[in-house]
Amino acid sequence: MCNYIIQKICEHYKIEPKELSKKTRKQKIVDARKTLILLSKEYSDICNKDLAEELNLAESTVSNILSDENNKKLIEIIKL
């Protein structure tokens, strides 16, 4: 996974990289994970399976995040 993306997301959300793979529902971590998934798919060639393994998530969770219409709008805003 792109270390630069991880670094910038962790700086923005004020978390440690290891927190991204923790089993937690803290909103700050959930949002950081979601952002990481969206940016990783947009700017790297990582597959859903690898993303899920890196973040300690089910592959279906990654797929659901990527297919959510609100998240698609978010990625369009990020591109600006």
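Helices (H or I, at least four residues) and strands (E, at least two) are DSSP runs, numbered from the N terminus. The model is predicted, so local features need pLDDT of at least 70 and side-chain atom pairs count only at pLDDT 80 or more, while totals for chains, interfaces and linings use all residues. Residues are numbered from 1 along each chain as its sequence is written, and side-chain values use heavy atoms, with hydrogens and water left out.

**Stop 1**

Select asparagine 3, which lies in helix 1. With a relative accessibility of 60%, asparagine 3 counts as exposed; buried means under 20% relative accessible area, exposed over 50%, and partly exposed in between (1.4 Å probe, protein chains only).

**Stop 2: helix 1 against helix 2**

Select residues 3–13 (helix 1) and 27–43 (helix 2); their axes are 10 Å apart and the helices pack at an angle of about 150 degrees. Axes are lines fitted to C-alpha atoms, for helices over the stretch in contact, and angles run from 0 to 180 degrees between N-to-C directions. That angle makes helix 1 roughly antiparallel to helix 2. Angles under 35 degrees count as roughly parallel, over 145 as roughly antiparallel, 65 to 115 as roughly perpendicular and the rest as oblique. The crossing of helix 1 and helix 2 is right-handed, a term for the near helix being turned clockwise from the far one by less than a right angle (left-handed if anticlockwise).

For the contact (heavy atoms within 4.5 Å), show Ile5, Ile6, Ile9 and Tyr13 on helix 1, with Lys28, Asp31, Ala32, Thr35, Leu36, Leu39, Ser40 and Tyr43 on helix 2. These residues comprise 8 nonpolar, 2 polar and 2 charged. Ala, Val, Leu, Ile, Met, Phe, Trp, Tyr, Cys and Pro count as nonpolar, Asp, Glu, Lys and Arg as charged, and the others, Gly among them, as polar.

**Stop 3**

Lysine 14 is found in the loop between helix 1 and helix 2. Most residues other than glycine have a negative phi. Lysine 14 counts as exposed, at 68% relative accessibility.

**Stop 4: the core**

Move to isoleucine 15, which touches Cys10, Leu20, Lys28, Ile29 and Ala32, not counting residues up to four places away in sequence. In the largest nonpolar core, which has 20 residues, Ile9, Ile15, Leu20 and Leu36 touch the most other members. Such a core is a set of buried Ala, Val, Leu, Ile, Met, Phe, Trp, Tyr and Cys residues joined through side-chain atoms within 4.5 Å. Two or more residues each come from helix 1, helix 2, helix 3 (48–55) and helix 4 (59–67). Helix 2 gives the most, with 6 residues.

**Stop 5: helix 3 and helix 4**

The axes of helix 3 and helix 4 come within 8 Å and cross at roughly 115 degrees, so these helices are roughly perpendicular to each other. Their crossing is right-handed. Show Asn48, Lys49, Leu51 and Ala52 of helix 3 with Glu59, Val62, Ser63 and Leu66 of helix 4 to see the contact.

In the loop between helix 3 and helix 4, select asparagine 56. Asparagine 56 has a positive phi of about 60 degrees although it is not a glycine, and is partly exposed, with a relative accessible area of 38%.

**Stop 6: helix 5**

Finish at leucine 74, in helix 5 (residues 69–79). Leucine 74 counts as partly exposed at 32% relative accessibility.
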